[in-house]
Amino acid sequence: MNDKNVSTPSLYPTLIGRKEYDWCMSSIPQPNAGGKVYSMPRGKGLGGSSAINYLMYVRGSKKDYDGWAEITGDESWGWDGMAKYFKKHQTLDHTNLKSKDPHFHPHAELEKYHGTDGPIHTSFNDWYMPLEEDFAEAAYAVTGTKKTVKDAWSGDHLGFYSSLGAVNRSDDKGRRSYAATGYIRPNICRPNLKILTGAHVTQILLDNKTATGVEFVHQRRTYKVPGSREVILTAGVIQTPQILELSGIGDPAVLEKAGIQCKVSNSAIGANFQDHVLGGLLYDLKPGVESMDALRLEEFQKAQQDAYDKEQTGVYASPGMMMGFVSYASVATPEEVKSTVASIQKNSLAKTKFEKAQEKIIVDQLTDPTFANLQTFCIPCRLDVAKGSDQTLFFGAPPTGKQQLSLLMCLEHPLSRGTVHIESSDPMAPPRIDPGYFRNEVDAKILAAGMKWMDKVAKHPLLAKSLADRELPPQDSELDTEAKRIEYVKNHISTQYHLIGTAALGEAVDMKLRVKGVERLRVCDASIFPGHVSGNIMSTTYAVAEKAADLIKADIY
Ligand SMILES: Cc1cc2nc3c(=O)[nH]c(=O)nc-3n(C[C@H](O)[C@H](O)[C@H](O)COP(=O)(O)OP(=O)(O)OC[C@H]3O[C@@H](n4cnc5c(N)ncnc54)[C@H](O)[C@@H]3O)c2cc1C
């Protein structure tokens, strides 16, 4: 919790790919996404991935959670049931805002949607580049929509603004606020809480079909610890299904192949994997226009380091937060929307009732001009989507003497599904991760439509005045046809690492998060999301955890 690499917000790019912070796993090659292997960072320290993430604090759209309620038939997982858990985990800290435009920091419904005493501190940046406001204005102008967003954390976030980040500006000023600082630190002295770090869980112990405890390895010795009431598994979207399968809970065919005896058949374990992929444009900035790449210049870096050391302000306390949401129906023509829907229905990969319900919801969302199907970012630094499969290279240095700007576009509700399954009974071997990127061709089509919109934003005079040459795609290769755009996105994506769904609500676990077919075993992490949400997912993970706490208390205490 005192590690500066973790606590200094803008140092997040230094954490991925390092074994002390990251489990350093990778996908299998993705045939529809450039044939590349994608790195799959997962946080290893206390607080898990919230300790290494990019701190963007975003909530999904109301309709996302209402979709969860529709798929599962349980109203309590809809927006009205979840809203209180978003508020409960949050404290909104004060920042002196420079922008005069309330839509640039849209948080008008303070009492209704924002917490004042939750464990996770959130705040607006105290520093940003002037061209971020230009981006917002250009994006509104190109979309042709009015600034209607009142509060982007109210379930409606259609618009372009500087988001909240998980940065504390009050009692731990200028530092990352995450699961370890918010939930563990204040409770660390409780006599009924024991935390063992460096322990690797190898399986859940079962007596017939009841979870009785956990087996783990610590400093090369194997231990078994009994659970007096129940076992709660929170290992995340990759390792939760891995541990379940290692324990004999999962798809019998997968278990047999890995040499594990099936104790509880549950074919939804490890299925339904979804992620948010992103494509992007990379521009050089005109001489005199600065971006965060200026941190590579001695004078700027020193001034920012001083501001952070003395006041905990400036660029080190203000990671990139300029983003927005746009509907597919507003970036595509009505004919394109129609043809996309027809293509989804004709080439549907949905087989089960659950998958068909998901698909229906996505089709409804795609045809709704007020629905946030695409998320966009304006990040003032070099982000190299050509190397996006490995984000240690994605955050590379700009060419000498240049500063750059990245415009990113993300697909929020993919139709493609992947899997996470074990391939051996060795608990130390990482599982086989197949994200299934662009398995459904329509995903590339939707993302490509977003890229067309993004290209127009970049060419709008408000933004174009700051931009010089385009590096990606190269200046001379125009994205002027759908085929070219699709080809480009398929070979130039990265991910937001918003993995979800491998122990889905209603499928793998019941509505109280209990693993189906097993007694006294619950899952509580992002693997239970039944469908994807629009925007970054840590707030939804915290909300799920807060709801889980209530469910557990109601059941056991
Ligand atoms: C690089 C990156 C950037 C991201 N950026 C953002 C962002 O800007 N905004 C946002 O909202 N979301 C972001 N996310 C996503 C968000 O951080 C995660 O979705 C969220 O933290 C997931 O929470 P979780 O509880 O499901 O899993 P995790 O936070 O990954 O927690 C799983 C925990 O289980 C532990 N574990 C796993 N296996 C074992 C085992 N066998 N034995 C013992 N312990 C084990 C892990 O060490 C970890 O502590 C990002 C994620 C990553 C990886």
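Mentor: Axes here are lines fitted to C-alpha atoms, for helices over the stretch in contact. Keep in mind that this model is predicted.

Trainee: How are two packed helices described?

Mentor: Two packed helices are described by the angle between their axes and by the distance between those axes. Take helix 14 (residues 441-459) and helix 16 (residues 482-491): their axes come within 8 Å and cross at roughly 105 degrees.

Trainee: Is helix 14 roughly parallel or roughly perpendicular to helix 16?

Mentor: Roughly perpendicular. Angles of 65 to 115 degrees count as that.

Trainee: Which residues of helix 14 meet helix 16?

Mentor: From helix 14 come Ala-444, Lys-445, Leu-447, Ala-448, Met-451 and Lys-452. They meet Glu-482, Arg-485, Ile-486, Tyr-488, Val-489 and Lys-490 in helix 16. By class, this contact has seven nonpolar, five charged and no polar residues.

Trainee: Now the whole chain. How many helices and strands does the protein chain have?

Mentor: The count is 17 helices and 24 strands. The radius of gyration is 23 Å, close to the 24 Å from the globule rule for 557 residues, so the chain is as compact as a globular protein of that length. Its C-alpha trace spans about 70 × 60 × 45 Å along the principal axes.

Trainee: What share of the residues count as buried?

Mentor: 52% of the 557. Look at contacts too. Among those with a separation of 6 or more, 74% link residues 24 or more positions apart.

Trainee: Which residues does the UniProt domain annotation cover?

Mentor: The unreviewed entry places "Glucose-methanol-choline oxidoreductase N-terminal" at residues 43-66. That stretch is 21% helix and 8% strand, with its end C-alpha atoms 29 Å apart.

Terms used. Residues are numbered from 1 along each chain as its sequence is written. This is a predicted model: local features need pLDDT of at least 70, side-chain atom pairs count only at pLDDT 80 or more; totals for chains, interfaces and linings use all residues. Axes are lines fitted to C-alpha atoms, for helices over the stretch in contact, and angles run from 0 to 180 degrees between N-to-C directions. Helices (H or I, at least four residues) and strands (E, at least two) are DSSP runs, numbered from the N terminus. Angles under 35 degrees count as roughly parallel, over 145 as roughly antiparallel, 65 to 115 as roughly perpendicular and the rest as oblique. Two residues are in contact if their C-beta atoms, placed from the backbone, lie within 7 Å. Ala, Val, Leu, Ile, Met, Phe, Trp, Tyr, Cys and Pro count as nonpolar, Asp, Glu, Lys and Arg as charged, and the others, Gly among them, as polar. UniProt positions are given in the numbering used here, feature names are shortened, and annotations may be inferred rather than shown by experiment. The radius of gyration is taken over C-alpha atoms; the globule rule is 2.2 Å times the number of residues to the power 0.38. A residue is buried if 20 or more other C-beta atoms lie within 10 Å of its own, exposed if 12 or fewer, and partly exposed in between; C-beta atoms are placed from the backbone.
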